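Please find below a short note for a colleague who is opening this entry for the first time. It takes up the cavities and then one of the sheets.

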Amino acid sequence: MPFLILMQVLLLAVSPQVGAQTTMTSLDRWQKLPGNARDLSINAEGQSYVTGLDGGVWRWDRQESRWRKMSGLFDRITAAEGNRPWAVNLEGIVYRYNGLWWEDKAQNALDVSADTYGNTYVLHNNGELKKWYALRSEWREVEQPTELLQQERFRSITMGDDATLWAITGRNRIFYLKDDQWRLHPGLATALAVGANTRALVDLNGRVRIWNGQERLWDVVSGIEQVQDLAITSDNFIWVLLRNAEIWANGGVQSAEQEREKEEDAAQGLTPSGLQAPQILAQSMNAELSVAPTLEASEVVPAQGAQSEVSGGSFENPLNDDPATRSYKGPITFVNTQNSALEIAIGGEGSVFGLDVAGNILRWSNARKSFESFPGRLSRIAVDKGGKPWGISALGRIFFHNGRNWKQVLNATASDIAIGYEGSVVIASAAGELFKLSNDGKRFLRVKGEGVKVAVQSDGTLWTIRSDYLIQRCNVFPCTIYSQRAREIAAGPDGSIWIVSEQNRLMRLSKDAATFKVVETPGHVPAKVSVGPNGYPWVIGEEKTVLASTFFDRDESADKLVAATTTAGSTTGTGETGSVTSPTSGFTFSKNMSFETVKFSALVAGNCPSFASDPEGIIWVHNGTFGQVTNGVVEQYNPRQRKFSQVVTGFESRNVKSFDVGKDGEIWAITDFPQFGVFRSKNKLLKQYSIAGASDYHDVATSVDGAVYVIATVSGTRYIYSKPANSTAFERFSSYDDASQIGVGIGGDIWIVGDNNQIMRWDGSRFFEPGKTTFLVGKLGVSKVNGEVYVVKRNTADLYKWNATNRSFDKVAKISVDTFGVDGEGRPWICNDTTPVIKRARD
């Protein structure tokens, strides 16, 4: 049952400071918080967590002064950046919360500690210490102090506010790691916490002490005893966990604004009897709590008939005379360029680059009023101030153009990239971790904040879109969260910030930098936006039409020479791989996703249909599983009517083993009756393709660029064959043998089921296992548009989704699958009943 605990009102909150002059520090205004706990942690952003006696995870809400329940059962917990804590369970498995669920990261752990800069360390049971490297998703061992005595090991670790690692040994000695060098710190401790201006420990007698820097000794903090653990808030208050599991604090319980109000009241001589005592609603650590409502904001829509006009940039007076930084004035008008693209990016001097649906690079020519081909293939693109493109390949590898050719940034992968007019290059991982290119341009360094989409303002301020679509401005930390939601975000040289909202409306940050105002795009629904000199945007509509608000004057005389010196295959790269997904699509994955039934008229009793998706991400189905005699009916889903409609293909009287939908409405299929072979249907006419020596065909897949891949048996061995869009013949794709299924994602990202029913991925030169798969794969599905990968476990029919951050598969709860497909938003469509019913995952 819920119960109320009255908290004592703080009259004069005194925060501990380094350099206190006495050995007894008066911080005796302690207050008891509700609940009991086994572990406690607070980060520099003020987020506080505990694990309950039953292992449940609770997060402190400073606005409402109460604990909020999170998922998971753990022994140890550490606050990290954002609401992304790390934890260790009783079995020693390390987990990280990704915003939706917990992902396992390591085994045999004793402790884990993290900070808001993305630094994370794990201490193993055998005494090994390792650091997490997010860009490569791996742990690397950290050398330990040479001063450790024989058989002396670390038993706990904690991160300081300045990214320094602190550790306590089994002999209660204190060490800290700074600038890659271990140092011994005076004193003995059973627990330790380090804040911005405060170091505090629990001594061997269970008392709290803070470090006196001038006297180089630890001063006792009065008013609290029998302490087991402690943590320091962002405003330098101390929270403690007693040996009897009670939680006490001497401040920092409420928001800074509420604390200031109390200080003002105290300064005016108000007493507790003259105030209404604040209440903390305490509930059992096992009780479920309601989740705080998500921030919502309705968009500002101009009155009917009003002209959309947004003038002036975020900087009314440019800091220099650079013409590109001066914002345009007056109304804005978009012109249809009669060109199409999937992605777009504009440089500070007006160079416009794009990507087509296959990831081929495009460069705008003012002289020809059209895009021209530029060597290379990418999934994300950005352009720097000088007009040189950067990008991310389908394998997550990062490239930049040096004016002559593409070069790879080694030992780094990403899912999104942005470049500021002042030169900052920022990337986001698939997990929303942020990195900034070092000054020497050789490596990416972790920075504070989180986001799956990034933009860099002209002064270097980082803006992001979180996985919940909320916009963040990271000029201070924690980042400022806007209530506006968005799918895309871009920054201009003039300091302007543009977004495509969750409702697909083009919006621009107002002069007050507090709200976003709608900018109309008559006749078009915006999907992407990029911003060029003077804040003029270009937009891509949902139908992939490119709209320009102006054409940027620039010298194009060297463009063809640059393209001629660039090698077409130079964006393949080597080394680590990652995943490039579209996390701000209309569908959000959940392990507990629910499904809704979709009407389909041509199902065959006892058989689930086979699924495919076209280059637009629309789902198609054929009414029979592999090898089944059917009447060959193919249907395409109609999003407006929310049902399937039959399409005449020419396969109506054939047995189809496998099919896929390719470019320009082409349908490719493997049939075994009345003819055996690979066929293409175009405009209802069939054309047969053959592979020399093939005795059987197993699977077919298409890429959005028109390439076709077939698995065929030749001389008793299964090989993969491919045919480019402009070719009429299939050739062997690789030497890998015995693949059974194949799927192709964005940018030619090829996945297969291998000879031992394992999942494998093409890295540009070979197939490799991208991560840990602990089960045999029965079926494979890849989104051509979104890039998401799903598999079905052999024998059990469980559905799993590829987790690029964790390099493993996440299981979808309480669902079994016979056949399935993945649409353009990364949404799975399934059939799982002998009385067949098609279902799609709900938003």
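1. The lining of the largest cavity is made up of 19 nonpolar, six polar and eight charged residues. The model under discussion is a predicted one, and the volume of this largest cavity comes to about 500 Å³. Of its 33 lining residues, those closest to the centre are Ala345, Ile417, Ala418, Ala490 and Ser530.

2. Several strands contribute to this lining, with at least two residues of it supplied by each of E29 (343-346), E33 (380-383), E37 (416-419), E41 (453-456), E44 (480-491) and E48 (526-531).

3. The second largest cavity has a volume of about 190 Å³, and of the 18 residues that line it, Ser137, Thr413, Gly578, Ser579 and Ala804 are the closest to its centre. Its lining divides into eight nonpolar, seven polar and three charged residues. In total, seven cavities of 30 Å³ or more are counted.

4. Turning to the sheet, four strands are arranged in the order E8-E9-E10-E11, forming an open sheet with antiparallel pairing. Strand E8 (76-78) and strand E11 (102-106) each have a single partner strand and stand at the edges, so one side of each is left without a neighbour in the sheet. From one strand to the next, the twist averages 25°.

5. Which strand does E8 join through three bridges? The partner is strand E9 (residues 86-88), and the two run antiparallel; Thr78 stands opposite Trp86 in E9.

Conventions:
Residues numbered from 1 in each chain as written. Predicted model: local features only at pLDDT ≥ 70, side-chain atom pairs only at ≥ 80, totals over all residues. Heavy atoms only, no water. Pairing = 2+ DSSP bridges. Axes fitted to C-alpha atoms, helices over the stretch in contact; angles between N-to-C directions. 1 Å grid on protein atoms, 1.4 Å probe; cavity = no way out; pocket = protein on both sides within 12 Å on 5 of 7 lines; lining within 4 Å. Points joined across faces, edges and corners; volume = space filled by probe spheres on them. Nonpolar A, V, L, I, M, F, W, Y, C, P; charged D, E, K, R; others polar.
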